[in-house]
Protein chains: 2
Amino acid sequence: MQNFTSYNPTKVHFGKGVVEKLGVEAAQYGRKALIVIGRGSVKTNGVLDAVFKQLETAGVTHVLFEGIKSNPIYQDVDSAIAVAEAFGAEMVVAVGGGSVVDSAKAVAIGVGAGHSVWDFYTRTAPAPTKGLPLLCVLTLAATGTEQNRNSVIQNDADGRKMGYSCDAMYPKVSFLDPEYTVSVPANYTAYGISDLISHVLEQYVEPTDSPLSNYIATDIIKLAFEHGRKLMADLTDYDARANILWLSTMALNGTLSAGKRGGDWGVHGLEHSLSVLYDIPHGAGLSIIYPSWIRAFRTELEPKLDFMAKRVLSPTATGDDFLNELEGFYKEINSPTRLSEANIPVADKAKILENFALNKVVGGFYKMDEAKRAEILDLAWGE
Amino acid sequence: MQNFTSYNPTKVHFGKGVVEKLGVEAAQYGRKALIVIGRGSVKTNGVLDAVFKQLETAGVTHVLFEGIKSNPIYQDVDSAIAVAEAFGAEMVVAVGGGSVVDSAKAVAIGVGAGHSVWDFYTRTAPAPTKGLPLLCVLTLAATGTEQNRNSVIQNDADGRKMGYSCDAMYPKVSFLDPEYTVSVPANYTAYGISDLISHVLEQYVEPTDSPLSNYIATDIIKLAFEHGRKLMADLTDYDARANILWLSTMALNGTLSAGKRGGDWGVHGLEHSLSVLYDIPHGAGLSIIYPSWIRAFRTELEPKLDFMAKRVLSPTATGDDFLNELEGFYKEINSPTRLSEANIPVADKAKILENFALNKVVGGFYKMDEAKRAEILDLAWGE
């Protein structure tokens with residue numbers, strides 16, 4: 001086992017009706033909240049009304065910032081920061097999915113910084129030591145951002161998509177009601193499952209030995225397959241929604257990194273370029289890249305794939321069996337596995353490779369040079 | 001899945017040499033520390049010297065409170081509180097095993113309370129809303145107290161052993177260096193393994209459905225058997241020490257209670273009576289009680305034992321196979337499985353049953369009346 005630090009101060013209230021705890025939690029942090037939402041679905045399904053009611057009961061006034069898009073951009077964050085500063089917000093309340101929460105995290109550290117929030121992400125400003133308290137009401141099971149210190153936003157102007165992590169971005173409290181995810185349509189439900197699976201794989205494939213973390217990684221994959229299938233068969237299945245939601249949180253809240261060195265994250269790097277260039281959903285890009293990335297590193301990954309196969313499938317299953325199961329699962333839930341399915345033409349190869357280089361996509365343990373990245377793209381156009 | 005809250009603010013630094021981070025962490029909390037230790041082994045093996053050096057470098061002065069015994073008593077805690085108050089301690093630093101940490105947690109909430117700490121445990125005083133910051137340097141893998149809000153102390157005068165839990169007892173930081181546990185002798189190493197296994201079982205046997213928590217429970221048991229055997233074969237095996245240490249933390253830091261209702265804890269109740277009456281090590285008492293408790297509830301436990309057997313042993317293993325494996329493992333590591341091994345005579349039956357009644361030992365899900373408790377005792381005297 002590698003040395004590591006286990007630390008995660010975010011409190012998660014999980015289950016039916018947990019938004020009823022929001023008022024009491026919010027009242028601890030002040031009287032003025034900036035609420036951040038996306039393109040408005042929370043306005044029509046009752047979620048935002050429930051949040052309003054909680055804040056009102058707690059005596060917390062609010063301003064609403066609406067319009068965060070998926071694959072969120074730093075310009076929207078800077079706008080929200082200006083609103084928060086003008087209002088004198090004492091806390092940020094995110095109501096939405098991963099893009100909204102990641103943007104709200106950026107707002108939390110950007111208020112009072114005196115510069116664009118993008119400067120944190122590009123490492124041109126020193127790391128923040130504090131931020132506004134952040135509360136999250138999650139409406140999509142996918143990224144795990146609700147219980148971690150990470151955020152990803154992008155700059156459409158120059159094609160960079162950057163991740164940033166700091167302790168000030170841990171939410172104070174997240175409210176995870178599986179019923180709030182029931183209205184997510186089939187395609188985004190599938191992309192969320194793809195996303196959580198990818199977070200497990202990025203950490204699991206690291207060739208270091210941390211037995212319990214590796215075991216739990218295989219558990220999450222096995223249960224994601226099982227409950228993912230149940231959920232796609234019945235999008236209103238509460239129990240399946242609850243399992244997928246908790247799996248997505250556990251996939252990236254530090255549990256899997258204990259005793260390890262931080263994961264590979266090469267596939268995420270490759271996917272970020274697809275999202276920034278083509279605005280495709282992150283989870284869809286991940287299911288396109290993963291099978292091809294595994295094929296490109298098939299030899300190096302053998303022990304990891306073999307162990308995963310035996311734990312997830314059967315005592316006699318092989319690494320190839322796992323790869324086939326993974327790709328078959330993506331197809332079964334209609335998450336794409338080839339670039340052509342996302343209408344990304346072979347003619348764009350040079351452009352995509354250029355973006356990989358711009359974003360310095362090399363991977364942590366399985367190193368990719370230009371030729372390797374091209375090989376993975378070719379595999380992802382294959383068949 | 002049941003509604004639940006996932007929250008654990010304790011930071012754990014894990015691995016070789018992590019005590020070197022203690023000075024920087026301590027300096028955040030003030031300039032005066034009360035150090036709490038047990039019967040002195042940390043004074044001779046270099047651990048306490050390393051802590052002194054860290055505090056000195058950080059400009060933190062200290063007073064040393066020595067003499068916490070295993071199965072710690074509230075009177076020692078009250079004495080330590082008086083010393084802390086007289087010194088003006090701004091933090092508590094625990095250096096030792098579970099008894100020392102549990103006592104230090106009690107000191108942390110007792111300073112300034114104006115009454116005996118025992119009043120918290122007996123629920124005759126209102127719950128504390130704050131406590132002194134607590135830092136823990138752990139020297140024994142066993143109880144998991146290093147990353148949770150629980151503490152157990154006892155009153156020898158009236159035979160009560162009480163658990164108490166509150167947010168103010170979360171340590172701020174715990175330092176877990178597997179090398180600090182290498183000098184633990186074989187018997188206490190075994191009792192620690194028995195203790196961690198019992199924490200998993202108490203939560204796992206709860207007949208509610210939380211798939212990931214149940215999977216992880218089986219992982220910890222499987223790895224505790226595997227690394228427990230390695231460790232008992234070579235007490236200096238760093239990797240085995242590291243695994244057992246992390247398993248013991250994960251067994252009781254909230255991971256296994258997600259989606260569940262809090263566990264059964266009937267076996268712990270029974271064991272606490274043995275510890276308070278006979279001063280036997282907690283882990284030894286647990287390995288005596290568990291096989292008999294399982295036999296007494298064999299029918300009700302069937303689905304849980306069967307699932308555990310299939311995950312830990314083989315796809316064709318049965319609940320009885322798991323029970324045999326568990327009991328065999330205890331024997332293999334020389335942790336007792338019968339009351340006679342702890343020199344507890346059948347003649348004491350009425351006295352023990354009286355203490356069970358005094359401490360209201362009934363169990364959470366598998367309810368025990370007087371007859372059931374007597375049946376379990378008889379089984380534990382059996383063979």
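Colleague: What does chain A average in pLDDT, and what share of the residues score at least 70?

Modeller: This is a predicted model. Chain A averages a pLDDT of 97, and 100% of the residues score at least 70.

Colleague: Which ipTM and pTM does the predictor give the complex?

Modeller: Both the ipTM and the pTM are given as 0.97.

Colleague: How many residues are in the largest nonpolar core, and which have the most contacts inside it?

Modeller: That core has 217 residues. Those with the most contacts inside it are Ile197 and Trp293 of chain A, together with Ile197 and Trp293 of chain B. As general background, nonpolar side chains tend to be buried together in soluble globular proteins.

Colleague: Which residues does Ile197(B) touch, leaving aside those up to four places away in sequence?

Modeller: On that basis, Ile197(B) touches Ile221(B), Ala224(B), Phe225(B), Leu326(B), Phe329(B) and Tyr330(B).

Colleague: Turning to helices, how do the axes of H8(A) and H8(B) cross?

Modeller: Helix H8 covers residues 211-233 in chain A and residues 211-233 in chain B, and the two axes come within 10 Å, crossing at roughly 150 degrees. Angles over 145 degrees count as roughly antiparallel, so H8(A) is roughly antiparallel to H8(B). The crossing is right-handed.

Colleague: Which residues meet there?

Modeller: From H8(A), the residues include Pro211(A), Leu212(A), Tyr215(A), Ile216(A) and Asp219(A). Among those they meet in H8(B) are Lys222(B), Leu223(B), Glu226(B) and His227(B), as part of the contact between the two helices.

Colleague: What about H10 and H14 within chain B: where do their axes come, and at what angle do they cross?

Modeller: The axes of H10(B), residues 266-278, and H14(B), residues 349-358, come within 9 Å and cross at roughly 120 degrees. That angle makes H10(B) oblique to H14(B). Their crossing is right-handed. On the H10(B) side the contact involves Leu270(B), Ser273(B), Leu274(B), Val276(B), Leu277(B) and Tyr278(B), which meet Lys351(B), Ile352(B), Asn355(B) and Phe356(B) of H14(B).

Colleague: And in chain A, at what angle do H12 and H13 pack?

Modeller: H12(A), residues 298-312, and H13(A), residues 319-332, pack at about 80 degrees, with their axes 7 Å apart. H12(A) is therefore roughly perpendicular to H13(A). The contact is made by Arg298(A), Leu305(A), Asp306(A), Met308(A) and Ala309(A) of H12(A) with Gly319(A), Asp320(A) and Phe322(A) of H13(A).

Colleague: Now the loops. What is the phi of Asp279(A), and where does Asp279(A) lie?

Modeller: Phi of Asp279(A) is near 55 degrees, a positive value in a residue other than glycine. Most residues other than glycine have a negative phi. Asp279(A) lies in the loop between H10 (266-278) and H11 (282-296) of chain A, and counts as partly exposed because its relative accessibility is 46%.

Colleague: What is the phi of Asn343(B), and is that residue buried or exposed?

Modeller: Asn343(B) has a phi near 60 degrees, a positive value in a residue other than glycine. At 66% relative accessibility, Asn343(B) counts as exposed. Asn343(B) lies in the loop between H13 (319-332) and H14 of chain B.

Key: Residues numbered from 1 in each chain as written. Chains lettered and ligands numbered in written order. Heavy atoms only, no water. Core = buried A, V, L, I, M, F, W, Y, C linked by side-chain atoms within 4.5 Å. Buried < 20%, exposed > 50% of the residue type's maximum accessible area, 1.4 Å probe, protein only. Contact = heavy atoms within 4.5 Å. pLDDT = per-residue confidence, 0-100. Axes fitted to C-alpha atoms, helices over the stretch in contact; angles between N-to-C directions. Helix = DSSP H or I, 4+ residues; strand = E, 2+ residues; numbered from the N terminus. Parallel < 35°, antiparallel > 145°, perpendicular 65-115°, else oblique. Left-handed = near helix turned anticlockwise from the far one by under 90°.
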